[in-house]
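I kept this notebook open beside the viewer and wrote down each thing as I looked it up.

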Amino acid sequence: MTPAVALRGLRKDFGAVTAVGGVDLDVPPGEFFTMLGPSGSGKTTVLRLIAGFERPTGGTIALDGRDVGQLPPFDRDVNTVFQDYALFPHMSVRENVEYGLRVKRVPRAERRARAAEALSTVRLDGFGERGPAQLSGGQRQRVALARALVNRPKVLLLDEPLGALDLKLRQAMQTELKQIQRDAGCTFLFVTHDQDEALTMSDRIAVFNEGRIEQVGTPAQVYEQPATVFVAGFVGTSNLLSGRGAETVLGKDGTYSIRPEKIRIDGDLSRAAPPGEVAATGTVTAAVYAGATVRYEVTLDAGGQLSVVRQNSEPVDFPDGRVRLTWRRVHNFRVPEKGQP
């Protein structure tokens, strides 16, 4: 199957600064693919290179098998949705959605039909004659999506489109956006720095760091089996146990990732770990109440510190701060440093 997006050795330099340093990536048709990373990691630059807003310093960009690296944005079968919506305030919702078709001189009857179809896809039937000012933030975001989808692009590029929304609306739109992608049958290439957003919506995720991809995988693979120390620390919250602590607790040298929610905490220091599990004793140095959960920071007797997340289902007290931590050995994952196998 020909990838919807194929990048080979993609590079972008801004003077002496390398923003993207040799990226290879295949995104198959119909996938919800997320590029995740901190600010300055290169993910947005890659999106802009695919869109044609920047020209690559080196490498190739192919859309559906066609090399587009030197083509202008209007000659690429993609559309881009930005964080700020960029709706025309003097136009109705329908006119905003139709705008791209008017530029292409699509006949009026076809424009109306395709705009109605696009608004239906984003669940805004009956909103066509309203103005953008009459809509909520989530509705305006869906109009921006409809305006992009009405052109029927093979690839839709989304540059942090939910960043301007409040938390509850953002969470609701995550579910909406994934369903819209399924209904449209279009390849979505989504950029975000929000780990929860990436894990919630994506079929696969590429984790960017310093202009390169550290790992590509499903949300479960990236979260449960981080390929590098950076991925373990950036995607969700992870404990890294190394040095004397790893040697004493796990009986192994190296750096290991253990997710906080995999660890159990109790005050009975006398019990040994059951078969297939690991036990470590330590002292609670902080307990952070977060409503549904409580996070404990524990300094291990063996060396190192672990965070433990516990569901707030019943009151627990550790009067002297002394605790025992246990977790299954299968939840330890050795994490190579950058450049190691």
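**Entry 1: the cavity**

I searched the whole structure and found one cavity of 30 Å³ or more. For my searches I used a 1 Å grid over the protein atoms alone: a cavity is a set of points where a 1.4 Å probe fits but cannot get out, and a pocket is an open set with protein on both sides within 12 Å along at least five of seven lines. Lining residues have an atom within 4 Å of a point. Grid points are joined across faces, edges and corners, and the volume is the space filled by probe spheres set on the points.

The largest cavity comes to about 40 Å³. I listed its lining as Tyr223, Glu224, Pro226, Ser257, Arg259, Lys262, His331 and Phe333. Sorted by class, that lining holds three nonpolar, two polar and three charged residues. My classes put Ala, Val, Leu, Ile, Met, Phe, Trp, Tyr, Cys and Pro as nonpolar, Asp, Glu, Lys and Arg as charged, and the others, Gly among them, as polar.

A note on what I am looking at: this is a predicted model, in which local features need pLDDT of at least 70 and side-chain atom pairs count only at pLDDT 80 or more, while totals for chains, interfaces and linings use all residues. Residues are numbered from 1 along each chain as its sequence is written, and side-chain values use heavy atoms, with hydrogens and water left out.

**Entry 2: the sheet**

Next I traced an open sheet of six strands, ordered β6-β7-β8-β3-β9-β10, with mixed pairing. The edges belong to β6 (78-81) and β10 (212-217); each has a single partner strand, so one side of each has no neighbour in the sheet. Direction ignored, neighbouring strands are turned by 20° against each other on average. My helices (H or I, at least four residues) and strands (E, at least two) are DSSP runs numbered from the N terminus, and two strands pair if DSSP finds at least two bridges between them.

I then zoomed in on β6, which runs parallel to β7 (residues 155-159) and is joined to that strand by four bridges. Which residue of β7 is the bridge partner of threonine 80? I found leucine 157 there.

Helix α4 (residues 137-149) packs on this sheet and touches β6, β7 and β8 (187-192). The direction of α4 makes about 170° with that of β6. Contact here means heavy atoms within 4.5 Å; axes are lines fitted to C-alpha atoms, for helices over the stretch in contact, and angles run from 0 to 180 degrees between N-to-C directions.

**Entry 3: the largest pocket**

I got about 700 Å³ for the largest pocket. It is lined by 25 residues, and the closest to its centre are Val78, Asn79, Thr80, Gly100 and Asn151. The elements giving two or more residues to this lining are β6, α2 (93-103) and α4. With four residues, β6 gives the most. By class I counted 15 nonpolar, four polar and six charged.

**Entry 4: the second largest pocket**

This one has a volume of about 190 Å³. Its lining includes Arg114, Glu117, Leu149, Val150 and Cys186. Two or more residues each come from α3 (108-121) and α5 (167-184), and α3 has the largest share with four. The class tally is six nonpolar, one polar and four charged.

Beyond its neighbours within four places in sequence, alanine 115 is in contact with Val97, Glu98 and Val150. Its C-alpha atom lies 9.1 Å from that of leucine 149, 34 residues apart along the chain.

In α2, the buried residues, among them Val93, Val97 and Leu101, pack against α3 and α4.

**Entry 5: two positive phi values**

Arginine 105 sits in the loop between α2 and α3. Its phi is near 60°, positive in a residue other than glycine, and at 75% relative accessibility arginine 105 is exposed.

Glutamate 210, in the loop between β9 (204-209) and β10, has a positive phi of about 55° although it is not a glycine. I noted glutamate 210 as exposed, at 57%.

Technical notes. Buried < 20%, exposed > 50% of the residue type's maximum accessible area, 1.4 Å probe, protein only.
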